[in-house]
Amino acid sequence: MVETHGFTTAPLQATFGAVVTGRRLAEIDEAAFAWLYGVWLDRALLIFPGQHLTREEQVAFARRFGPPEFEIAPLSNVRPDGSVRATAEGDEVVKTLLGNMGWHHDSTYMPVQAKGAVFSAHVVPAEGGETEWADMRAAYDALDPATRAQIEPLSAFHSLRHSQARAGLSPAQGVTPYGFGVDEPPLRPLVKIHPETDRRNLVIGRHAYGVPGLSAERSERLLDELCAFACQPPRVWRHRWTPGDVVVWDNRRLMHRACPWDMTQPRVMHHSRIAGDPASEFAAPAAGAAVAVG
Ligand SMILES: [Fe+2]
């Protein structure tokens, strides 16, 4: 337990993460934020219970970490009229929610991968609907030397079209959800040096496929095996949400996923995505690469 700037921080029982209490995030000054940013780089996931931020306060807090990829969007199975989206049958929103249940980094399928995200809970189901994170820095550190040497020179394409198709969640024809407009998928290294910590991190997850130099089958097996190895204790944390909770995570180090819940129950979360720095998070498409769907 550490107390600074009126905050109390308690590390999670994992290789990353901390619960931070004691201050309203909407009221902290520059010095307190600078300290908090350092803790964030060190722990990668900060959980702030009981904040109850307004939309404006959440956007303002996220902007302190950097410019937005998008300011705030609901991740919700509740329609504007209050009814609940309970099935993926013909429902593009539920397809997105179900896709989020696979391990991923946000926006690796975009030319510039996200830096991080602020995420808050507003309505939560009685059971399930937690969020889990996994530490790709600790995962890299835990790999045996032979595997490290094998993957160091490798890259993978990243595509939301690919990941949603593999999960059986492709959008209906003529529908182009966020991320589906990328025709030439970016090619990202499997091992990437974090621009602010200089530490190596795995960049893998459900959007990754098609490692150049490997057959489709070997590529899929390698990526699946890396993901299964990486996302194990003590490198994972599951957070059970209470309305009012706010978290911020480092998308350059952590993967995350949503846990299933009974979708006849409402779940309303607000997601603010922090843009990656193009100097470090841009990945060029490989000329002529097609999106392999399936
Ligand atoms: Fe996500």
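Author: What follows is a close look at one strand, the sheet around it and a helix beside it. The model is predicted, so local features need pLDDT of at least 70 and side-chain atom pairs count only at pLDDT 80 or more, while totals for chains, interfaces and linings use all residues. Residue numbers start from 1 along each chain as its sequence is written.

Let's begin with the setting. The chain holds 8 helices and 16 strands (DSSP runs numbered from the N terminus: H or I of at least four residues for helices, E of at least two for strands). Its C-alpha trace spans about 55 × 50 × 30 Å along the principal axes. Of its 294 residues, 40% count as buried (20 or more other C-beta atoms within 10 Å of the residue's own; exposed means 12 or fewer, partly exposed in between, with C-beta atoms placed from the backbone).

Now to our part, strand β7, which covers residues 131-135. This strand is mostly covered, with 4 of its 5 residues buried. β7 has a partner in β13 (residues 236-239), and the two pair in the antiparallel sense over 4 bridges (pairing requires at least two DSSP bridges). It has another in β15 (residues 254-258), also antiparallel, joined to β7 by 5 bridges.

Next, look at helix α7, residues 216-230. Ser219, Leu222, Leu223, Leu226, Cys227 and Ala230 of this helix are buried. Viewed down the axis of α7, these buried residues lie within an arc of 125 degrees, so they line one face of the helix (the arc is that of directions from the helix axis to the C-beta atoms). An α-helix has 3.6 residues a turn, so residues three or four places apart point the same way. On the other side of α7, the exposed residues are Glu217, Arg218, Arg221, Glu225 and Ala228.

This brings us back to where we started: the buried residues of α7 pack against β7, as well as α4 (136-142), β8 (155-158), β11 (200-202) and β12 (208-209) (contact means C-beta atoms, placed from the backbone, within 7 Å).

How values were computed. Expected span 1.5 Å × (residues − 1). Contact = placed C-beta atoms within 7 Å.
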